[in-house]
Every structure is written in structure tokens, then in C-alpha cells.
Amino acid sequence: MSFKILLLRENRKVANKLGFYTCLMLTIPVITFYVCFYFIFSNKSEPLAWSGFAAVGAVNVIIAAYVYSAFSEPDEVEVDAKRAGTVVGKFDNDASGPRVGSFKQRTD
């Protein structure tokens, strides 16, 4: 697989978002682990386990934030319709519905 696809002009926002969340995934869990291990859970009987749970929690928060940001992006149909000045909504004979996956809607 080539990284040339991510360098295309239309994919720059996606590449930036992927790079940002990749950096978060590499730094935040490690920082969370060490801060929890040395400062927060140092008095517990098993600080290693508690710090590991905190790092896993940080990973889950980062993944949830990435998924939320990915799904909150505007759909290409909506962006194209806004550029063309057409109405996208309840009067477009279901043409603005999802085009892929289990949510695909019929237009016939």
C-alpha cells in the first residue's frame, strides 16, 4: 500500500487527522501510565495494574474521539450539493441517504 494516496490534495485533511491521532496514541497512554504509576497510584498495593488500566482507558478515549471525529465529517453528497446550490434533505427522493454498508438505501 502506498502513502501517495494520503498525500493527494483531497486527502490532506484525512492524513492530518490520522497523523494527529497516531501521535496521540503513541504519547498519551505512555504518559498516563508513568504519571499514574509514580504519582497517582504509588501508594496502592498493585500500582502497575492500576496504571495499566489507566493507560488502556486513555487508549479507549483516544479511539472514541477518532471515531467521533471521523463520523462527524460532512458527507461528500452534502458538500457537493452545497457547492451546486441544490437542496439535500427530505425532498430529494432519498438520494442523500448512505451509499455503503448496511445503511444503504434504495433509490428506485
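The structure holds seven aromatic pairs, and since the model is a predicted one, every value given below is computed from predicted coordinates. One of these pairs joins Tyr21 and Tyr66 in an edge-to-face arrangement, with 5.3 Å from centre to centre and 70° between the planes. Tyr21 belongs to helix H1 and Tyr66 to helix H2, so this pair ties together parts of the chain that are 45 residues apart in sequence. Tyr21 counts as buried, because its relative accessibility of 15% falls under the 20% cut-off, whereas Tyr66, with a relative accessible area of 30%, is partly exposed.

Another pair, formed by Phe33 and Phe37, is stacked, with 5.9 Å between the ring centres and 10° between the planes. Both of these residues lie in helix H1, where they are four residues apart, or about one turn of the helix. Phe37 has a relative accessibility of 24% and therefore counts as partly exposed. Phe33 and Phe37 also belong, together with Tyr34 and Tyr38, to one aromatic cluster.

These pairs sit within a simple overall arrangement. The protein has three helices and zero strands, and its elements run α-α-α from the N terminus on. Of its 108 residues, 15% count as buried, and among the contacts between residues at least 6 apart in sequence, 35% join residues that are at least 24 apart. The accessible surface comes to about 9100 Å², with 65% of that area belonging to carbon and sulfur atoms.

Helix H2, which covers residues 47–71, has 25 residues and reaches 36 Å from its first C-alpha to its last, close to the 36 Å expected at 1.5 Å a residue. Its buried residues are Pro47, Ser51, Ala55, Ala58, Ile62 and Ser69, and the buried residues of H2 pack against helix H1, residues 12–40. The view from the other helix can be followed at Thr32, which lies in H1 and is buried, because its relative accessible area of 19% is under 20%. Leaving out residues up to four places away in sequence, Thr32 touches Ala54, Ala55 and Ala58, and of these contacts Ala55 and Ala58 are themselves among the buried residues of H2.

The loop between H1 and H2 contains Ser42, which at 36% relative accessibility counts as partly exposed. Apart from its neighbours within four places in sequence, Ser42 is in contact with Cys36, Phe37 and Pro47; Phe37 is the residue that stacks with Phe33, and Pro47 is one of the buried residues of H2.

Lys17 lies in helix H1 and Glu73 in the loop between H2 and helix H3 (76–84), so the pair ties together parts that are 56 residues apart in sequence. Lys17 counts as buried at 18% relative accessibility, while Glu73, at 36%, counts as partly exposed.

Phe39, found in helix H1, is exposed, because its relative accessible area of 67% is over the 50% cut-off.

Terms used: Residues numbered from 1 in each chain as written. Predicted model: local features only at pLDDT ≥ 70, side-chain atom pairs only at ≥ 80, totals over all residues. Heavy atoms only, no water. Helix = DSSP H or I, 4+ residues; strand = E, 2+ residues; numbered from the N terminus. Expected span 1.5 Å × (residues − 1). Buried < 20%, exposed > 50% of the residue type's maximum accessible area, 1.4 Å probe, protein only. Contact = heavy atoms within 4.5 Å. Areas by Shrake-Rupley, 256 points an atom, 1.4 Å probe, with all protein chains shown as cover. Phe/Tyr/Trp six-rings, centres within 6.5 Å; stacked < 30°, edge-to-face > 60°.
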